[in-house]
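Here is a short briefing to read with the structure open.

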Amino acid sequence: MLPTRSVKRSAKAIAMTKSLLPPVTILVALIIIWYIAAYVLNEPQAIALMDPDGPQNFWAVMQASWSMDRPVLPTPDQILSNLGDSIFNYPLNSPRNFLLQTAFTAQAALTGLALGLILGIALAIGIVHSRVLDRSLMPWVIASQTIPILAIAPMVVVAMGNVGFTGLAPKAAIVGYLSFFPITVGMVKGFRSPDTMQLDLMRTYNASGTQIFTKLRWPVSMAFLFPSLKVAVALAVTGAIVAELPTGAQVGLGARLLAGSYYGQTMMMWGALVLASLVAITLIGCVRLGEFSLRASRGGRL
Amino acid sequence: MTQARITWLGVLVACGLMVATRINISHPFEWFPIALTPLCLLMALYRLAGEKSRAARIASPVLFGLGIIWAWEMLVVGLHVPFILLPPPSAIAVAFYNNLGLLGSDFDQTFLHAVIAGYVIGCGTGFLTALAIDRSAFLQRGLTPLANMFSAMPIVGIAPIAIEWFGFDWPSKAAVVTLMTVFPMLVNTQAGLRESGAMERDLMRSYGASYWHTLIKLRLPAAMPMIFNALKLNSTLALIGAVVAEFFGTPTRGMGFRISTESARMNLDIVWATITVAALAGGISFALIAWGERAVTFWHPSFHKRQTN
């Protein structure tokens, strides 16, 4: 038993390196291209700013263009060290600490996602069970996907601010509004995915509508929930950032992006952008993890 | 037949009631038609849901939408909802009509310049990249996970950096749109090029067809449904990207600029009028792409006449 298992494991390891090798290679290539681009883009300014008494050779120019204060394109290590500086050298409650900003944006994204998930699933249940809703509401849910909904974000923030809702509430509302569409569409598809034979079997068991829903439709729909949840997560993070733009909010990654834009703080913008991407990737990772564990608990398929 | 006639009569009555209801609720008896309208609407919708004809399928959502607009108008005016919270649809229509020139110039700046330029460059780049890496399995396997990761990222955040690089005018917005649209196109084209079956490819090989022949006669047509998927997805993304990029800075025109400045000045009717323009632009471009899809991929099973269950 043991040798076969170890052979299997090493075969698995080889397959894993094979699947990891191409993306890692391309990532490394991209980083090299980034450094070259940073040199090319920053070089004119770097030469202008260089100490006229210092060395003027190629290496000096390269080092100068990779360590400018306000570069056209900062290098990855500059962005990372700037982030590290902000996270470790400032207290947690200081607005200069990026962790505080990230937590603020992630909180809005998560609250909104929870809202969108509940609303989206409730609407899908309604559409699946009511002919009237299916005929009249579903076309609007689909049509609303073609409309740039994110454009209303500033208005929602301002309007809700007028009635006294500031801070988390308007942001969560926007994120919830954005994320419930893909979930509704996906879940309607999912609830309808059991075929006639399975539904007939439930009917022969004399199952009630609720039983069909909890024992057949709901479990089957999980295969559709995760892909739409991934779309919703990507929208949620974007929505949380955009919702921070219009009111001149002081905290949040979107506010940092805007402040960086106003004051020409390149590093601030890049830092906010990197952290926002990290939030999105982490959330997608959580969705993947949920999908994976559910798949594992169901013996390998959804 | 008579059943259908009753349904359509109900639809007509509901529409008539919606038009007839006076907004000014001063006389006590005017509550009567206002209370009657939702009842009539619901019954008409319920009956329409039972009809099988094509007209009923179209009438259902239209009537529902009209009902929402009517309820919006009634509630906002009747409950005296403050204008800065939610303007009534009639005010939005008036603002739309009064600001046609302004809205047109915003549309020109945002849609005709930034969106179309960015969309064409982004979709074109994604498509050509997918074709270029088609022959290299290594590049394909490397780029797909990265492209998927990029699609999940909040790419609009790049807007302030794009403004720093390409200036305040529309090219910076086109750059954001390009970056937003390139990855969905790349991923979908790649997936589409894998759509053709092994048997069909073997047949091409037995004909002695070259790589390019197989690509043009078999694999590209088979990829078209996926490519149109990306085109549709990107048409929404492009508009969102351009509008949101304008929140970060723009010359004094553009749909995103209008929305952010006018909501700060509490002119919500103009904001809603701009949103109407955006919705119309999004809807019409989506419809145009869907029409192109029908013309190109008429053979696809999803366009066959479906039986309703």
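What radius of gyration does chain B have, and what would a compact globule of 309 residues have? Chain B has 25 Å, whereas the compact globule would have a value near 19 Å. Keep in mind that this is a predicted model.

**Chain B overall**
- The C-alpha trace of chain B spans about 80 × 60 × 30 Å along its principal axes.
- Chain B has 12 helices and 0 strands.
- Its pattern along the sequence is α-α-α-α-α-α-α-α-α-α-α-α.
- Chain B has 309 residues, and 39% of them count as buried.
- Take the contacts in chain B between residues at least 6 apart in sequence: 73% of these join residues at least 24 apart.

**Domains in both chains**
- In chain A, domain 1 covers 2-73 and domain 2 covers 98-297.
- The centres of these two domains of chain A, taken over C-alpha atoms, are 35 Å apart.
- In chain B, domain 1 covers 2-81 and domain 2 covers 96-303.
- For domain 1 and domain 2 of chain B, the centres are separated by 38 Å, again over C-alpha atoms.

**The largest nonpolar core**
- In soluble globular proteins, nonpolar side chains tend to be buried together.
- The largest nonpolar core here has 139 residues.
- V175(A), V233(A), A236(A), V237(A), A280(A) and V176(B) touch the most other members.
- Helix α10 (residues 211-247) of chain B supplies the largest share of this core, with 16 residues.
- Look at A236(A): leaving out residues up to four places away in sequence, A236(A) touches A109(A), G112(A), L113(A), V175(A), L178(A) and S179(A).

**Helix α12 of chain A**
- Helix α12 of chain A runs over residues 266-297 and has 32 residues.
- From its first C-alpha to its last, this helix reaches 47 Å.
- That is close to the 46 Å expected at 1.5 Å a residue.
- Just after α12(A) comes G299(A), with a positive phi of about 75°.

**Where the chains touch**
- The contact takes 46 residues from chain A and 49 residues from chain B.
- Several helices of chain A each supply at least two residues to the side that touches chain B, including α1 (2-49), α10 (209-243) and α12.
- Which helix gives the most to that side of chain A? The answer is α12(A), with 8 residues.
- The residues on the side of chain A that touches chain B divide into 34 nonpolar, 10 polar and 2 charged.

How values were computed
Residues are numbered from 1 along each chain as its sequence is written. Chains are lettered from A and ligands numbered from 1 in the order in which they are written. This is a predicted model: local features need pLDDT of at least 70, side-chain atom pairs count only at pLDDT 80 or more; totals for chains, interfaces and linings use all residues. Helices (H or I, at least four residues) and strands (E, at least two) are DSSP runs, numbered from the N terminus. The radius of gyration is taken over C-alpha atoms; the globule rule is 2.2 Å times the number of residues to the power 0.38. A residue is buried if 20 or more other C-beta atoms lie within 10 Å of its own, exposed if 12 or fewer, and partly exposed in between; C-beta atoms are placed from the backbone. Two residues are in contact if their C-beta atoms, placed from the backbone, lie within 7 Å. Domain bounds come from an automatic or database domain assignment. A nonpolar core is a set of buried Ala, Val, Leu, Ile, Met, Phe, Trp, Tyr and Cys residues joined through C-beta atoms within 7 Å. The expected span of a helix is 1.5 Å times one less than its number of residues. Ala, Val, Leu, Ile, Met, Phe, Trp, Tyr, Cys and Pro count as nonpolar, Asp, Glu, Lys and Arg as charged, and the others, Gly among them, as polar.
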